[in-house]
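Please work through the exercises below with the sequence and the structure open beside you. Try each task before you read its solution.

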Amino acid sequence: MGDTPDGTAPVHEPSLDEQIAVYQREFQDLDPQVEKVVSALSRLNRRMNVAYGRQTAALGISNAEWEVLKALVISGAPYRMGPSELAKQLGLTPAAMTHRIDRMTGEGLVTRERDESNRVRVIVELTDEGRSKWLDAMRAATVFEEDLLQDLSTAERGVLGDMLTRLLDRVEDLQSPS
């Protein structure tokens, strides 16, 4: 029996250097420095998503629900948004957002009510339970993130944060509608 939950042997993922060597063999125009950065970011993102998924699952919420909770908290007190605003911010269709809100309402994480000033408009609001789950997730994430960055000095963390923000800004500029 293997080491994975389904009893299969774990799949070996090549090191970044091994992966880049294969890529260079198959595609000679590859810049190995660029590929190392991009591949490392991709792997880090995958592994962080797995870790966050485990943390939210332990709290009884999904990553998708966490994203809604986060959006409501970021919106500021009283932590309310319209479903269309949430859908746009999270990159979801209105139908997918409705389904997610239905599930979260059933779990007591959010409420959905008609806007008193505009009876056509619906408002989604964070509940005390939803805020509590968000805080629990933040506490767990903070421990994970501190552990992740423990080998970097405060100055290195600052430089890395600045560099990653520049990359993010570049991607967002390239992807923005013209």
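This is a predicted model: local features need pLDDT of at least 70, side-chain atom pairs count only at pLDDT 80 or more; totals for chains, interfaces and linings use all residues.

**Exercise 1. Find how many aromatic pairs the whole structure holds, and classify the pair formed by Tyr-52 and Phe-144.**

Solution. A search of the whole structure gives two aromatic pairs. A pair of aromatic rings is described by the distance of the centres and the angle of the planes. For Tyr-52 and Phe-144, the distance is 5.4 Å centre to centre and the angle between the planes is 75 degrees. Since planes over 60 degrees apart count as edge-to-face, the pair of Tyr-52 and Phe-144 is edge-to-face. As a next step, locate the two residues: Tyr-52 belongs to helix 2 (residues 32-58) and Phe-144 to helix 6 (residues 128-148), so the pair ties together parts that lie 92 residues apart in sequence. Finally, Phe-144 has a relative accessibility of 22% and therefore counts as partly exposed, because buried would require a value under 20%.

**Exercise 2. Decide whether the rings of Trp-66 and Trp-134 are stacked or edge-to-face, and say where the two residues lie.**

Solution. The ring centres of Trp-66 and Trp-134 are 6.4 Å apart, and their planes meet at 10 degrees. Planes under 30 degrees apart count as stacked, so the pair of Trp-66 and Trp-134 is stacked. Trp-66 is part of helix 3 (residues 63-74) and Trp-134 is part of helix 6, so that this pair links distant parts of the chain, 68 residues apart. Both Trp-66 and Trp-134 are buried.

**Exercise 3. Describe the nonpolar patch on the surface: its area, its residues and the elements that supply them.**

Solution. Begin with the area, which is about 710 Å² of accessible surface for the residues together. Among these residues are Val-34, Leu-41, Val-159 and Met-163. Helix 2 and helix 7 (154-175) are the elements that give two or more residues to the patch, and the largest share, five residues, comes from helix 7. As one example, Met-163 is found in helix 7, and its relative accessibility of 42% makes Met-163 partly exposed.

**Exercise 4. Work out what lines the largest pocket, and which helix contributes the largest share of that lining.**

Solution. The largest pocket holds about 790 Å³ of space. It is lined by 19 residues, of which Leu-41, Leu-44, Asn-45, Met-48 and Leu-164 are the closest to its centre. Helix 2, helix 6 and helix 7 each give two or more residues to this lining, and the largest share, eight residues, comes from helix 7.

Terms used:
Residues are numbered from 1 along each chain as its sequence is written. Side-chain values use heavy atoms; hydrogens and water are left out. Rings of Phe, Tyr and Trp (its six-membered ring) pair if their centres lie within 6.5 Å; planes under 30 degrees apart count as stacked, over 60 as edge-to-face and the rest as tilted. Helices (H or I, at least four residues) and strands (E, at least two) are DSSP runs, numbered from the N terminus. Buried means under 20% relative accessible area, exposed over 50%, partly exposed in between (1.4 Å probe, protein chains only). Patches are made of residues with over 30% relative accessible area and no salt bridge: like charges are joined within 9 Å, nonpolar side chains (Val, Leu, Ile, Met, Phe, Trp, Tyr) within 5 Å. Accessible areas come from the Shrake-Rupley method with a 1.4 Å probe; for residues, only the protein chains shown count as cover. A salt bridge is a side-chain nitrogen of Lys or Arg within 4 Å of a carboxyl oxygen of Asp or Glu. On a 1 Å grid over the protein atoms alone, a cavity is a set of points where a 1.4 Å probe fits but cannot get out, and a pocket is an open set with protein on both sides within 12 Å along at least five of seven lines; lining residues have an atom within 4 Å of a point. Grid points are joined across faces, edges and corners, and a volume is the space filled by probe spheres set on the points.
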